[in-house]
Amino acid sequence: MNRRQLLAALALALPLAGYCADGGGQSPRPRVIVSTDIGGTDFDDFQSLVHLLLYSDMIDLEGMIASPWGEGRNRKRHLMDIISVYGKDYPQLKTWSPQYPTPDQLRSITKQGGSDLAGLRGWGEPTEGSNWIIQRARQGDPRPLWVLLWGGFEDLAQALHDAPDIKSKLRVYMIGGPNKKWSVTAYDYLAREHPDLWMIENNSTYRGWFLGGDQSGDLGNKTFVERHVKGFGALGDYFTTIAPHIKMGDTPSLAYVLGAHPERPGAGGWGGHFVRAWDRPRVTFTRHLTTADLIETFGIIELVLRPDGKAPAQPQAALLVDKQAFTGFLGEDGAWHFLFSPKESKAWSYRIKSNHPGLDGQAGGFTSRDAEPEMALRPSARYPNWWTDDPSPQFQEGPNQGALSVSRHRAEFLKDFAARLQRTREMKPGIQGVMRR
């Protein structure tokens, strides 16, 4: 596909109709803060940040927060690194739109979030990131503030704990699934204490960005990168060195915000179609589970145990599931609390590792299953502004509920991305001659 074809594809693509790069158009530019676990074990945040920066002329990007977990305690450096890469392409990008932020502007809004996951209560101490969410939400701006959660939920939970008055200004788009599994206590706090939060909880719909849809020819995950990303500016090469194929699992959140109807999650678009959430599934057990115990996939299991025997001076315990360890918490009630959120439908097994002899080695299992389609007909009065994946079979892509509502737009959003990457190779037509004069 040559440059002319790419620009034609951009013109024909399903429009990001709600906003215009020059600030005009049907609606004001959206205010956006991104919280990312960049530097963790998954590479997709790096790729989604490339996409974010290429589209940053279409939004008012007010913050990038390095959220809890990942390698080391100063993961903000990864954001600074990608800003430096962006800086190499900035001279070309700014000829296409004066709304592209300068590298220094981006550095000024980059913040470090929490370094640890939240304890049992779901919040801990203020962070640079949580304070920044509060500060931006309290600005005298009539537009809502979109908080896109690509990693841990702790900074948002902390901000709402410290400043519940900001809640009505926020619009939250959460990439859940695996992130919810790790930030389960912060999620539990949000669902427990802030059920009136405006929230899109995307646990599986996001997978449509890289699974399913039209993957023929140039649209394959690997071939697209080889033909339309590699060699396209510093950002394109950076994207390719991260991984030679598409993941970009966090990108649907930005595509959603740039859509024609971001205040209507049921309207559909590149970022997915969603339904009103039913009561958030959460089950507490005071005994060990068996595979006969059924829970909803992406729900929360709380296992509460009171072990026999004398506890050590500094007791510790963890729930081992799928070769991963999830910290247990000794509650004020004297019982141990273990929380877990299954990210897929299957039979699970677990074991407890502890220096407490009454806990160590205890084991069990359970089975998780997808939400039944009829759950979409049971919107919760407790969660009036909470939305989630549509469980209807018509929107299912393979085993992933809701994913087809994204993957069906694959050709459009990838062609649009390819056209954006073209901007890194050359100045806007007509600009060079003007600059020479």
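**Close-up views of a predicted model**

**View 1. Helix α6 passes helix α8 in a left-handed crossing.** Left-handed means that the near helix is turned anticlockwise from the far one by less than a right angle. Helices (H or I, at least four residues) are DSSP runs numbered from the N terminus. The axes of α6 (residues 154-162) and α8 (residues 184-193) come within 9 Å and cross at roughly 40°; axes are lines fitted to C-alpha atoms over the stretch in contact, with angles from 0 to 180 degrees between N-to-C directions. On the α6 side the contact (heavy atoms within 4.5 Å) is made by E154, L156, A157, L160 and H161, and on the α8 side by A186, Y189 and L190.

The model is predicted, and local features need pLDDT of at least 70, side-chain atom pairs pLDDT 80 or more, while totals for chains, interfaces and linings use all residues. Residues are numbered from 1 along each chain as its sequence is written, and side-chain values use heavy atoms, without hydrogens and water.

**View 2. The largest nonpolar core has 93 residues.** Such a core is a set of buried Ala, Val, Leu, Ile, Met, Phe, Trp, Tyr and Cys residues joined through side-chain atoms within 4.5 Å; buried means under 20% relative accessible area (1.4 Å probe, protein chains only). L52, L148, I166, L170, L190 and F417 touch the most other members. Helix α3 (residues 76-96) gives the most to this core, with 7 residues.

**View 3. Helix α9 (residues 221-228) has N221, F224, V225 and H228 buried.** These buried residues fall within an arc of 105° seen down the axis, so they line one face of α9. The arc is that of the directions from the helix axis to the C-beta atoms.

Terms used
Buried < 20%, exposed > 50% of the residue type's maximum accessible area, 1.4 Å probe, protein only. Helix = DSSP H or I, 4+ residues; strand = E, 2+ residues; numbered from the N terminus.
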